[in-house]
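Work through the exercises below with the sequence and the model at hand. Each task is followed by a solution that goes step by step.

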Amino acid sequence: MKRKPLLLFAFPFLILAVLAGERMATLLLGTYPASPTAWWLWLELRPLSAMLWQQVDVWLVSSMALDAAILAAASIVCWIACHAKRSAFFFLANHIALILAGLMIAVGSHSETASTIAEFTSPSSLPYSLAVDFTLKNSLVLILGTVACAYCHIAFLTEARERSVRAIRVLALQRDL
């Protein structure tokens, strides 16, 4: 199986596209607050990523420009990782994207309106949510992530097998010489 960097980059790109889409929808909503399309877009994308952006904004006191820079840097790093010769980099990029998707879904559960955020604080001041919402969208993202993870594992194991076969052939050639 030949490794296809575009397929390895697909899931991290999907997660980054959801994050960028929510930022763009928020920007459009601020620019055109009376637009039903902007509200619909924002309400569709918000459950997957709004809580994540709220945390980023608290930590970095960020603006939309900084959010765009973060997304661009993450996209470049993922693209480079998926094109790297070493398998560990694309393996790591896909796993980080899957973990981030799971965290986005877990943290965004039950936040249904712009003014209600159902999040609780533990005694040690760590925010957490009690339940995870497995809607169709959330389930689809997790299934796609699992498929991307499986493809990544298959590509990684295939490369490892090819390296071991190559090493055995080199040893056999050295012995014969």
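Buried means under 20% relative accessible area, exposed over 50%, and partly exposed in between (1.4 Å probe, protein chains only). The model is predicted, so local features need pLDDT of at least 70 and side-chain atom pairs count only at pLDDT 80 or more, whereas totals for chains, interfaces and linings use all residues. Residues are numbered from 1 along each chain as its sequence is written, and side-chain values use heavy atoms, with hydrogens and water left out.

**Exercise 1.** Find the salt bridges, taking as the criterion a side-chain nitrogen of Lys or Arg within 4 Å of a carboxyl oxygen of Asp or Glu.

*Solution.* In one, the side chain of Arg23 meets that of Glu22 at 3.2 Å, N to O. In the other, Arg23 meets Asp67 at 2.9 Å, N to O. This pair links distant parts of the chain, since Arg23 lies in helix α1 (residues 5-31) and Asp67 in helix α3 (residues 64-83), 44 residues apart; helices are DSSP runs of H or I with at least four residues, numbered from the N terminus. Through shared partners, the salt bridges join Glu22, Arg23 and Asp67 into one network.

**Exercise 2.** Decide whether Arg23, Glu22 and Asp67 are buried or exposed.

*Solution.* Arg23 has a relative accessible area of 14% and is therefore buried. Glu22, at 2%, is buried, and Asp67 counts as buried at 1%.

How values were computed. Helix = DSSP H or I, 4+ residues; strand = E, 2+ residues; numbered from the N terminus.
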